[in-house]
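Please look over the sequence and the structure before reading on.

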Amino acid sequence: MRYRSYDQESFSRFLVRVPWSDTKLFSKQAFLCNMACVIPEIKAEDLKIYGLQFVTSSLEKKAQVAVSLESSTMTEYFKQQAKWQDKRRKMTFGHSTTPCLVNGLFVMTPGMNPLASRQAYLFFEPTKFEEMNVHVHRGTYEAAQQMYQQFMPDILDHLHRNGELAKLQFTGHCLGGSIALLVHMMLLTRQLVKPSTLLPVVTFGSPFVFCGGHKLLDQKWLDANNHIHCVMMHRDVVPRAFSCNYPNHVATLLKRLNGSFQSLPCLIKKNTLYSPIGKLFILQPDERFSPPHPLLPMGSAPYALDNTQSGFSSDIFRAFLNSPHPLETLSDPTAYGSEGTILRDHDSDNYLKAINKILRKHTRMVVRKVRKQRNLLWPLLTSPSPHRLNDEGESGLK
């Protein structure tokens with residue numbers, strides 16, 4: 001199966017720089033995802049430093065599924081998110097719907113313990129999502145169903161206490177991000193919350209787990225770009241795992257091993273298992289940390305794929321997800337271990353470091369620009385007024 005190829009110039013047409021305000025939000029979400037990876041070490045008193053209130057964790061519920069945090073002093077964060085949503089609504093409907101107060105509940109899914117993660121990945125055959133004509137990664141769906149049951153009491157309590165002002169946001173890294181996406185979609189599909197209650201689900205380095213997932217949002221007249229934000233490091237192999245091109249002999253083998261693959265539209269039509277959904281954000285870190293991507297402009301920056309551009313097609317996603325192809329990454333002996341390229345481009349801590357380093361670089365540039373402008377302006381401010389010189393000259397003549 002042949003797809004259109006792209007070089008840096010043709011691919012860059014569909015890239016837009018992520019606003020710094022949005023990058024700061026990603027930094028906060030990446031921080032929470034990174035924190036969720038050390039659940040046993042989290043102490044309620046430590047969270048107060050960041051204005052967070054501990055609600056519950058997966059360990060308390062005897063299931064390694066998720067951690068949720070509620071913040072009373074992070075209202076400003078949720079206001080920023082609500083303003084972003086409101087801006088999108090105004091563009092679509094022509095009116096504003098932002099509430100005057102926002103009360104938010106974060107639900108972070110750190111993935112699962114190593115054994116559970118391996119089990120979830122091994123059960124990668126498709127199954128029906130919510131008995132609908134949409135296919136989903138079986139292992140992740142089963143994990144999401146467990147999380148849904150475990151944390152619904154906390155979510156319902158939050159909705160009851162805050163009413164129309166309640167906001168929910170799900171985020172997670174790796175498998176945790178995929179679970180977060182499915183729980184977000186389950187709440188929408190089961191109509192337990194209004195779409196306006198859900199802020200965009202944000203995933204970091206997460207594998208795509210839907211085939212035809214856009215149908216779920218299309219049926220409700222919802223824009224996937226507004227509900228799903230997928231952040232991935234430029235060379236991260238994990239988001240590419242199920243969405244790269246599978247060679248014909250591999251696709252044939254999968255169909256023989258498990259009958260459910262025989263009717264999977266993505267495999268039949270595109271030689272892939274699961275397809276991207278939502279808005280894709282690409283994080284290119286400093287080249288001293290990881291080599292630049294051949295399709296991206298030089299330099300560290302966060303980008304978004306703009307699917308509203310003329311000429312955009314699903315081939316754009318495929319071009320990026322197949323460069324580099326996972327087989328290319330996995331065949332390199334230097335990819336493995338604590339110093340390997342897989343961990344370098346996928347570790348949740350490295351996502352946070354990469355985002356924050358880009359923010360610090362931007363801050364330094366702004367500071368230098370302000371100082372330069374101030375240095376140019378200072379001589380003008382300290383020099384004598386020409387009117388004053390004229391006045392002094394006239395008084396001297398007199």
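## Overall make-up

The model is predicted. Its chain holds 16 helices and 12 strands. Of the 398 residues in the chain, 50% are buried.

Contacts between residues at least 6 apart in sequence join residues at least 24 apart in 76% of cases.

## Cysteines and the disulfide

The count of disulfides comes to one. Its partners are Cys 211 and Cys 266, with sulfur atoms 2.2 Å apart, which is within the 2.5 Å cut-off for a disulfide. The pair links distant parts of the chain, 55 residues apart: Cys 211 belongs to strand β9 (residues 210–211), and Cys 266 to helix α11 (residues 265–270). A disulfide is a covalent bond between the sulfur atoms of two cysteines. The torsion about the S-S bond of Cys 211 and Cys 266 is about 110°, so this disulfide is right-handed.

Are the two partners buried or exposed? Cys 211 has a relative accessible area of 5% and Cys 266 one of 4%. Both count as buried, because the limit for that class is under 20%. Cys 244 is buried, at 4% relative accessible area. Cys 174 also counts as buried, with a relative accessibility of 17%.

Strand β12 spans residues 301–305, and five of its five residues are buried. Cover is found on both faces of β12: one side carries Ala 301, Tyr 303 and Leu 305, the other Pro 302 and Ala 304, and all of these are buried.

Which strands pair with β12? Strand β1 (residues 15–17) runs antiparallel to β12 and is joined to β12 by three bridges. Strand β11 (residues 279–284) also pairs with β12 in the antiparallel sense, over four bridges. Ala 304 in β12 gives a point of reference for both pairings. Val 16 stands opposite Ala 304, and Phe 281 stands opposite Ala 304 as well.

## Backbone details

Most residues other than glycine have a negative phi, and most peptide bonds are trans. Three places in the chain can be read against that background.

Gln 191 is not a glycine, yet has a positive phi of about 55°. Gln 191 sits in the loop between α7 (175–189) and β8 (201–204). With a relative accessible area of 62%, Gln 191 is exposed, the limit for that class being over 50%. Trp 221 is not a glycine either, and has a positive phi of about 60°. The loop between α8 (214–218) and α9 (224–227) contains Trp 221. Trp 221 counts as exposed, at 78% relative accessibility.

Where does the cis peptide bond lie? This bond runs from Ser 323 to Pro 324, and its omega is near -5°. Pro 324 is part of the loop between α12 (314–321) and α13 (326–330).

Key: Residues numbered from 1 in each chain as written. Predicted model: local features only at pLDDT ≥ 70, side-chain atom pairs only at ≥ 80, totals over all residues. Heavy atoms only, no water. Helix = DSSP H or I, 4+ residues; strand = E, 2+ residues; numbered from the N terminus. Buried < 20%, exposed > 50% of the residue type's maximum accessible area, 1.4 Å probe, protein only. Contact = heavy atoms within 4.5 Å. Pairing = 2+ DSSP bridges.
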